[in-house]
Amino acid sequence: MVASTSPFIPHPGPAERPARMGLRALALLLAAGLLHMQASPPARSFQLDYEEDCFRKDGAPFRYISGSIHYARVPRPAWRDRLLKMYMSGLSALQVYIPWNYHEPLPGVYDFAGDRDVEAFLDLTAELGLLVILRPGPYICAEWEMGGLPAWLLWKPDIVLRSSDPAYLAAVDSWLHVLLPKIKPRLYQNGGNIISVQVENEYGSYYACDYGYLRHLLGSFRALLGTEVLLFTTDGTRAQELRCGTLQGLYATVDFGPGSNVTEAFGAQRQVEPKGPLVNSEYYTGWLDYWGEAHASTSSARVARGLEDMLQLGASVNMYMFHGGTNFAYWSGADFKDQYKPVTTSYDYDAPLSEAGDPTEKLFAIRTIISKFQPLPVGPMPPATPKYAYGRVALQKYADLLDVLDVLCLSGPIQSQFPLTFEAIKQAHGFVVYRTRLPRDVLDPATLGAPPHSVCDRGYVMLRQEYQGTLERDGQTTLRVTGRAGDTLDVLLENMGRISFGANISDFKGQLWINGFNLGRYWPHRGPQQTLFVPGSVLHVDRPNNITVLELEGAPPAPLLLFLDRPLFNRTLIGSTMATE
């Protein structure tokens with residue numbers, strides 16, 4: 001009907017009309033189709049090319065140079081600064097974890113506001129022109145409290161984490177149905193900047209080796225994200241790790257540091273992925289610190305050399321970490337490697353961007369390597385954030401902890417015949433005071449002991465409110481005490497972080513605040529970390545700032561804090577200091 005009234009089509013006689021109309025209409029349709037193909041952009045896609053051993057982005061060969069940053073370890077006001085510095089370093093992408101326990105503190109209670117607004121973080125990455133490699137877990141490790149798994153999972157004492165245990169899978173599915181719909185519109189295929197999504201994390205390092213669990217996750221991710229998104233796994237290069245951590249339908253990548261032989265490491269990937277792109281999902285730019293051990297560091301030259309070796313092979317590389325940040329509040333995790341090893345508050349990681357977000361020598365060495373393989377963004381690197389050494393600040397004693405329990409715990413004590421775990425009383429973090437009274441006189445020194453696995457971190461023992469000593473996991477587990485019948489015996493138990501890596505992840509079980517913001521644990525006697533990072537965003541400029549310190553091992557007669565303009569990472573001192581931004 002449209003063709004019969006078109007001014008471009010003559011009105012022939014009845015006998016010739018069908019043939020002539022068909023030819024002209026076909027010509028017009030072909031021309032219109034050609035114009036349409038020229039005007040519309042190609043479909044957005046990010047795929048694997050098993051023939052050319054590469055990624056393809058919108059059909060063209062592609063490889064990424066990426067860096068890790070964790071929004072949960074960076075105050076929201078600093079997100080743009082850190083991301084812009086990553087972009088100006090020459091990175092084309094970033095890699096980021098989503099910690100489940102950061103967003104679901106209690107079953108069915110979700111928090112995506114403020115520093116937890118992961119959607120705002122992802123939108124900012126897109127605004128700044130960075131692609132995203134997303135690692136939503138459900139387990140993430142990351143030296144984060146319990147590897148990102150919520151402590152409330154342990155309310156069910158016999159639960160088997162990271163397995164096909166129905167109770168665990170039910171909780172996982174509930175979480176994924178909340179999280180992944182927020183992710184789907186931001187996938188590259190859907191117009192966003194998320195090019196790939198990791199399923200689980202280094203599962204081959206976990207004892208369970210449950211392929212049914214991985215298949216369940218694969219099905220859930222596909223159902224909630226669609227069939228086009230590239231899903232992958234990451235594992236170490238040992239055969240056992242790759243055997244238990246990989247699954248058909250998930251592209252297998254590896255992780256290794258600058259001390260590894262690049263050819264051998266990628267050879268391990270080729271054992272499970274004979275074709276496709278070479279990918280190092282965690283190229284370690286430094287390492288984490290444990291309380292009581294030396295500060296870890298890796299030379300800039302060594303990191304740069306390893307990066308160049310991988311890029312020469314055409315590999316895609318993610319640098320872990322590019323900016324480490326801080327384990328604020330109670331979010332630091334712990335490793336279990338023959339013994340319990342709690343992670344420091346600082347997650348500086350000796351990364352290219354320091355804990356305070358400053359470009360380091362390592363960053364510029366990496367940037368030089370990147371410039372050999374792809375153009376750098378035009379413009380200067382944003383400068384280091386200003387630091388301020390405010391000097392000494394005297395503190396005044398407010399109260400003894402045991403005198404204000406009714407203020408700190410408004411609900412009152414929990415009565416129990418035997419000590420209860422944090423999980424049994426449904427407390428995820430912080431401290432619990434266990435109180436009893438001596439049933440009889442103890443005139444000769446008697447042994448107060450903690451059975452195995454009863455004190456899983458540190459227990460501060462007080463008799464008649466006088467400090468007697470400390471019971472510690474993998475350390476001193478007995479004390480000698482005396483007392484009279486009826487004397488009050490208190491044990492203040494501190495949760496120093498549930499295990500985030502190791503076989504004992506089902507880990508059943510301190511601090512400084514400025515203006516109510518928990519900067520995390522300080523432990524100058526143990527070291528190596530001596531300073532706490534104070535983000536500028538937590539300080540008031542128009543009114544006084546309130547500093548609250550919980551001192552567990554005996555405050556000096558004249559307590560004070562020292563504000564510095566630089567961090568101290570590798571010392572053991574008596575005193576407390578802070579580095580401020």
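Where does Ser92 lie? I found Ser92 in the loop between H2 and E5. A reminder to myself before going on: this is a predicted model.

**Entry 1: Ser92 and its surroundings**

I looked up the accessibility of Ser92 next. The value is 17% relative accessibility, and the cut-off for buried is under 20%, so Ser92 counts as buried. I then listed its contacts, leaving aside neighbours within four places in sequence. Ser92 is in contact with Phe62, Arg63, Tyr64 and Ile65, and also with Gly129, Leu130 and Leu131.

Helix H2 covers residues 79-88. Which residues of H2 are buried? I noted Trp79, Arg82, Leu83, Lys85, Met86 and Met88. I was curious what they pack against, and the list has both strands and helices: strand E4 (65-69), strand E5 (93-97), helix H4 (118-127), strand E11 (316-323), H10 and E24. Gly90 follows H2, and I wrote down its positive phi, near 100°.

**Entry 2: E5, on the other side**

I checked how covered E5 is, and five of its five residues are buried. In a regular strand the side chains alternate between the two faces of the sheet. I looked for this in E5: Ala93, Gln95 and Tyr97 point one way, while Leu94 and Val96 point the other way, and all are buried. E5 pairs with E4 in the parallel sense, over three bridges. Ala93 turned up again here, as the bridge partner of Ser66.

**Entry 3: a three-stranded sheet**

I moved on to an open sheet of three strands, with the order E1-E2-E3 and antiparallel pairing. Which strands are at its edges? They are strand E1 (46-49) and strand E3 (60-62), each pairing on one side only. Neighbouring strands here are turned by 45° against each other on average, direction ignored. E1 and strand E2 (residues 54-57) run antiparallel and are joined by four bridges.

**Entry 4: a four-stranded sheet**

There is also an open sheet of four strands, which I read off in the order E15-E20-E17-E18, with antiparallel pairing. Strand E15 (431-437) and strand E18 (466-472) stand at the edges with a single partner strand each, so one side of each has no neighbour in the sheet. The twist from one strand to the next averages 20°. I followed E15 to its partner, strand E20 (residues 488-494): the two pair in the antiparallel sense over seven bridges. Along this pairing, Arg435 stands opposite Asp490 in E20.

**Entry 5: H5 against H6**

Now for helix pairs. Two packed helices are described by the angle between their axes and the distance between the axes. For helix H5 (residues 166-183) and helix H6 (residues 211-225), I noted an angle of about 30° and axes 10 Å apart. Angles under 35 degrees count as roughly parallel, and H5 and H6 are therefore roughly parallel to each other. Their crossing is right-handed. On the H5 side the contact includes Tyr168, Leu169, Val172 and Asp173, and on the H6 side it includes Tyr213, His216, Leu217 and Ser220. By class, I have eleven nonpolar, three polar and one charged residues in the contact of H5 with H6.

**Entry 6: H9 against H10**

At what angle do H9 and H10 pack? For helix H9 (residues 300-312) and helix H10 (residues 361-371) I wrote down about 25°, with the axes 9 Å apart. That makes H9 roughly parallel to H10. H9 passes H10 in a right-handed crossing. Ser300, Val303, Ala304, Leu307, Glu308 and Leu311 of H9 meet Glu361, Lys362, Ala365, Ile366, Ile369 and Ile370 of H10. This contact of H9 with H10 has eight nonpolar, one polar and three charged residues.

**Entry 7: Val538**

Is Val538 buried or exposed? At 12% relative accessibility, Val538 counts as buried. Not counting residues up to four places away in sequence, Val538 touches Ile514, Asn515, Phe517 and Asn545. I also looked up Leu519, 19 residues from Val538 along the chain, and their C-alpha atoms are separated by 9.7 Å.

Methods: Residues are numbered from 1 along each chain as its sequence is written. This is a predicted model: local features need pLDDT of at least 70, side-chain atom pairs count only at pLDDT 80 or more; totals for chains, interfaces and linings use all residues. Side-chain values use heavy atoms; hydrogens and water are left out. Axes are lines fitted to C-alpha atoms, for helices over the stretch in contact, and angles run from 0 to 180 degrees between N-to-C directions. Angles under 35 degrees count as roughly parallel, over 145 as roughly antiparallel, 65 to 115 as roughly perpendicular and the rest as oblique. A crossing is left-handed if the near helix is turned anticlockwise from the far one by less than a right angle, and right-handed if clockwise. Contact means heavy atoms within 4.5 Å. Ala, Val, Leu, Ile, Met, Phe, Trp, Tyr, Cys and Pro count as nonpolar, Asp, Glu, Lys and Arg as charged, and the others, Gly among them, as polar. Buried means under 20% relative accessible area, exposed over 50%, partly exposed in between (1.4 Å probe, protein chains only). Two strands pair if DSSP finds at least two bridges between them.
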